[in-house]
Amino acid sequence: MTKNIEARHYDVILSPVVTEKATIASEHNKVLFKVAAKATKPQIKEAIEKLFDVKVKSVNTLVRKGKTKVFRGNLGSQSNTKRAIVTLEEGHRIDVTTGL
């Protein structure tokens with residue numbers, strides 16, 4: 001049995017976020033991912049369901065503003081990143097430490 005995974009799903013989901021806040025959220029059946037800047041909630045939901053074979057309850061997104069830094073007198077800034085907080089249905093889990 002082959003999964004119906006398309007290349008565009010890999011373009012939507014960039015990487016899992018492994019932080020202290022993400023670890024605490026995982027106790028409540030939530031997983032954090034870095035996603036493409038133009039990704040919509042339905043696209044993120046579809047990509048997660050196809051890639052990880054789980055059922056998604058809801059998707060919340062946020063744009064994390066890039067920090068401004070001064071290095072040797074030059075002003076620079078990090079890029080903004082979009083993140084998705086994916087809430088999974090009861091009984092479904094994603095272990096981000098194992099990878100795809």
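The legends below describe close-up views of a predicted model.

View 1. Read from the N terminus, the elements of the chain follow the order α-β-α-β-α-β-β-β-β. The C-alpha trace spans about 55 × 30 × 25 Å along its principal axes, and 26% of the 100 residues of the chain count as buried. Among the contacts in the chain with a separation of 6 or more, 60% are accounted for by residues 24 or more positions apart.

**View 2. Helix α3, which covers residues 41–52.** This helix has twelve residues and reaches 16 Å from its first C-alpha to its last, which is close to the 16 Å expected at 1.5 Å a residue. Ile44, Ala47, Ile48 and Leu51 are buried in α3. These four cover an arc of only 100° around the axis, which puts them on the same side of α3. An α-helix has 3.6 residues a turn, so residues three or four places apart point the same way. The buried residues of α3 are covered by elements that include the helix α1 (7–12) and the strands β1 (13–16), β2 (30–35), β3 (56–64) and β6 (81–88). Just after α3, the residue Asp53 takes a positive phi of about 55°.

**View 3. His9 in helix α1 and the residues it touches.** His9 is buried, because its relative accessible area is 2% and buried means under 20%. When residues up to four places away in sequence are not counted, His9 touches Asn4, Glu46, Ala47, Lys50 and Leu51. Two residues of this group, Ala47 and Leu51, are also among the buried residues of α3, and α1 is itself included in what covers the buried residues of that helix.

**View 4. Strand β6 and its two antiparallel partners, β2 and β3.** Six of the eight residues of β6 are buried, so this strand is largely enclosed by the rest of the structure. On its pairing with β2, which runs antiparallel to β6, there are six bridges, and Val35 stands opposite Lys82 in β6. Eight bridges join β3 to β6, and these two strands likewise run antiparallel; here Val56 stands opposite Leu88 in β6. The strands β2, β3 and β6 are also included in what covers the buried residues of α3.

**View 5. The hairpin of β4 and β5.** Strand β4, with residues 68–71, and strand β5, with residues 74–77, pair in the antiparallel sense over four bridges. Within this pairing, Thr68 stands opposite Ser77 in β5. The hairpin has two residues between the strands, and Arg72 takes a positive phi near 55° there.

**View 6. The largest pocket, with a volume of about 250 Å³.** Of the 17 residues that line the largest pocket, Ala22, Ser26, Ile94, Asp95 and Val96 are the closest to its centre. The helix α2 (20–26) and the strand β2 each supply at least two residues of the lining.

Conventions. Residues are numbered from 1 along each chain as its sequence is written. This is a predicted model: local features need pLDDT of at least 70, side-chain atom pairs count only at pLDDT 80 or more; totals for chains, interfaces and linings use all residues. Side-chain values use heavy atoms; hydrogens and water are left out. The expected span of a helix is 1.5 Å times one less than its number of residues. Buried means under 20% relative accessible area, exposed over 50%, partly exposed in between (1.4 Å probe, protein chains only). The arc is that of the directions from the helix axis to the C-beta atoms. Contact means heavy atoms within 4.5 Å. Two strands pair if DSSP finds at least two bridges between them. On a 1 Å grid over the protein atoms alone, a cavity is a set of points where a 1.4 Å probe fits but cannot get out, and a pocket is an open set with protein on both sides within 12 Å along at least five of seven lines; lining residues have an atom within 4 Å of a point. Grid points are joined across faces, edges and corners, and a volume is the space filled by probe spheres set on the points.
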